[in-house]
Amino acid sequence: MSQPSTTSYHTHSRYCDGHGEIAEVIEEAIAAGLDTVGISSHAPLPFSTEWNMPLERLAGYVAEVRRLQERYAGRIQVLLGSEIDYIPGDEVAEFQRRQVHPLGFDYYVGSVHFLGDGWPPRAFDGTEAEFRAILHADYGDDIGAMVTDYYRRLPGVLTISGVRVVGHLDVIKRWNAGQQYFRGDEPWYRDAVEGALRAIAASGHIVELNTAGWRKGLGEPYPSPTILARCQALGIPITVDSDSHTPQEVAAGFQQAAELLADLGIEPVRL
């Protein structure tokens, strides 16, 4: 039987939209047999959301992870990370340069959660109603335009200093259970994905197999097996992450992920 990963770099806690203490995440990681766990609450943004860490909590977050690194030394490697957003324009990039980067993170998971042209921007994966509102208001109900814009923006995460892992690469399918918006084999979809993958391949960044897709009822992880196979063909390294939002989820789906990667002939990597 394929052995599950012993690392997870994408985890959330009470500091953002997750639940539980960071120490609980670490304890669950040890119990699950992991030898490395990355703590990666959503980085602050220059506008408020229901899921990003408020700026006033950032210094405390960093200090707590650093204390826990020392406490758990010799039992498990704990890395200080954050899931950081790419949003086009200078305002967010400058905020990250001034407020986030100076705190000395070990790595970032780079993600795209926001689409459309309004300010503040709106997340498309919060609720399906929000997804539909963005599709209507910003893309004239043209799902091809919306999905293509997502993949066009995705290489932007590669420009953020410190990003090592590309987060949930095809999360644009979050509300596409049953293929109600798109099939995923349309020529325009394949072209959009290919453009993003080629940029990632050229950059040397890692793509995560994010097991949360299974937990959210999509029947597959992020990204899909088809995209994972294309990553392999392009030489893009893959790591396995849970995107946990409770301590108990820290290694959720790892056996399933191991079996899928074995079927595809992919050996997961570490940071």
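D106 is partly exposed, with a relative accessible area of 32%, and in this predicted model the residue takes part in a salt bridge with R66, whose closest N and O atoms are 3.4 Å apart. R66 lies in helix α2 (residues 55–71), whereas D106 belongs to the loop between α3 (90–100) and β4 (107–111), so this pair ties together parts of the chain that are 40 residues apart in sequence. R66 counts as partly exposed because its relative accessibility is 27%, a value in the range between under 20% for buried and over 50% for exposed.

Side chains of opposite charge can pair when their charged atoms come close.

| Salt bridge | N to O distance |
|---|---|
| R66 and D106 | 3.4 Å |
| D138 and R122 | 2.8 Å |
| D149 and R153 | 3.3 Å |

The side chains of D138 and R122 meet in a salt bridge at 2.8 Å, N to O, and this pair links distant parts of the chain, since D138 sits in helix α4 (residues 128–139) and R122 in strand β6 (residues 122–123), 16 residues apart. D138 counts as partly exposed at 26% relative accessibility, and R122 is also partly exposed, at 37%.

Where do D149 and R153 lie? Both are found in helix α5 (residues 143–153), four residues apart, which is about one turn of the helix. D149 and R153 are both buried, and salt bridges that share partners join D149 and R153 with D117 and R152 into one network.

Note on methods:
Residues are numbered from 1 along each chain as its sequence is written. This is a predicted model: local features need pLDDT of at least 70, side-chain atom pairs count only at pLDDT 80 or more; totals for chains, interfaces and linings use all residues. Side-chain values use heavy atoms; hydrogens and water are left out. A salt bridge is a side-chain nitrogen of Lys or Arg within 4 Å of a carboxyl oxygen of Asp or Glu. Helices (H or I, at least four residues) and strands (E, at least two) are DSSP runs, numbered from the N terminus. Buried means under 20% relative accessible area, exposed over 50%, partly exposed in between (1.4 Å probe, protein chains only).
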